[in-house]
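Reader: Could you walk me through this one while I have it open? I'd like to begin with a helix and then move on to charged pairs.

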Amino acid sequence: MEEPLIPVGLMPHTAHIPSHRKPRPRSSSKLAMRAGVAGGVLSTLAVGAAAGSANASEPVTQTIELPTLTADLSATVAESAAATQQAAADYELLAERDAAAAKAAKQAKADLAQAKKKAEAKKKAEAERRAAAEAAASRSAERTTLNASAPSSSETDVPAPASGSVGTVINFLKAQVGDAYVLGATGPNAWDCSSLVQAAFKQVGVDLPRVSQDQSTVGTDVPLSDIQVGDILYWGGKGSAYHTGVYIGGGKYLDAANPSKGVVIQELSGYPASGAVRVL
């Protein structure tokens, strides 16, 4: 039996002719590198696919959370600003209260000083009033006692001399009539009782003490029934007199009486003296 023939055709020149060389085995490092690259690519594709899938599955969540965070941040900022503003207002109120307290303390101190000043003035005025009342009572008692011993107008109606030492004293005194009475004043337009008497006798070279208590002790004592023009009259005790004047004749005397009268001429019968001294 004949064997079948196998047709043989011509191969094109591009046909692959197997090599007779043995294939070289691929190194394990190259295979590992290619496997790593392939794994990295696949991993990247897997992550991208997962991210895309996540983004596709959760668009609403991202859209809602961002405005929520923004609103919370705005509320926090607003609360912080409000707290800062309230703290500033509290500090301002505290400063105003401190200033008001300091002002009140200063005013209270001033009011206290003013009250003390008024109290002292009132106390002084009361003491002066009492002293004046006591002096008036003393003068009233002395008038009652001395009315009987006062010289009559016929005995004392002697005109003041026109010249001489006594005349100089009387003329000086009359020139001061109308001047003011001021306690402690020594002229030329204001006097108290003793400074006027002192100044009058100084015109003729007689140096008298400054105060009425001492003026009542100088010279020679003269009974009120024998007084003459130019004699010094005093009211109160000898050595403790509270007022002095000068007898000018005619039952009258001249003195710096008090703040309401000033320097005047008065009737001796209306205010009898306690005693008299003569220095000329």
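Reader: Which residues in α5 are buried?

Author: This is a predicted model, and in it the buried residues of α5 are C193, S194, S195, L196, V197, A199, A200 and F201. Because 8 of the 10 residues of the helix, which runs over residues 193-202, are buried, α5 is largely enclosed by the rest of the structure.

Reader: OK, on to charges. How many salt bridges does the structure hold?

Author: There are 3 salt bridges in the structure. One of them joins the side chains of R210 and D192, with a distance of 3.0 Å from N to O. R210 belongs to the loop between α5 and α6 (212-215), while D192 sits in the loop between β2 (190-191) and α5, so this pair ties together parts that are 18 residues apart in sequence.

Reader: And D192, buried or exposed?

Author: D192 counts as buried, because its relative accessibility is 6%, whereas R210, at 27%, counts as partly exposed.

Reader: What does K238 pair with?

Author: K238 meets D221 in a salt bridge between their side chains, at 2.5 Å from N to O. That pair links distant parts of the chain, since K238 is in the loop between β4 (232-235) and β5 (243-249) and D221 is in strand β3 (residues 220-222), 17 residues apart. Here K238 is partly exposed, with a relative accessible area of 42%, and D221 is partly exposed as well, with 47%.

Reader: Switching to strands: which residues cover the two faces of β4?

Author: On one side of β4 are I232 and Y234, on the other L233 and W235, and all of them are buried, so that both faces are covered. As background, side chains in a regular strand alternate between the two faces of the sheet.

Reader: Which strands pair with β4, and in what sense?

Author: β4 pairs with β5 in the antiparallel sense over 4 bridges, and with β8, again antiparallel, over 3 bridges. Y234 gives a handle on both pairings, as this residue stands opposite T244 in β5 and has G275 as its bridge partner in β8.

Reader: What polar contact does the D255 side chain make, then?

Author: The side chains of D255 and Q266 are joined by a polar contact of 3.1 Å.

Reader: And which residues is D255 in contact with, leaving aside the neighbours within four places in sequence?

Author: D255 is then in contact with L196, H243, T244, G245, G262, V263, V264 and Q266.

Terms used:
Residues numbered from 1 in each chain as written. Predicted model: local features only at pLDDT ≥ 70, side-chain atom pairs only at ≥ 80, totals over all residues. Heavy atoms only, no water. Buried < 20%, exposed > 50% of the residue type's maximum accessible area, 1.4 Å probe, protein only. Salt bridge = Lys/Arg side-chain N within 4 Å of Asp/Glu carboxyl O. Pairing = 2+ DSSP bridges. Polar contact = N/O pair within 3.5 Å; in protein donor to acceptor, adjacent residues only side chain to side chain. Contact = heavy atoms within 4.5 Å.
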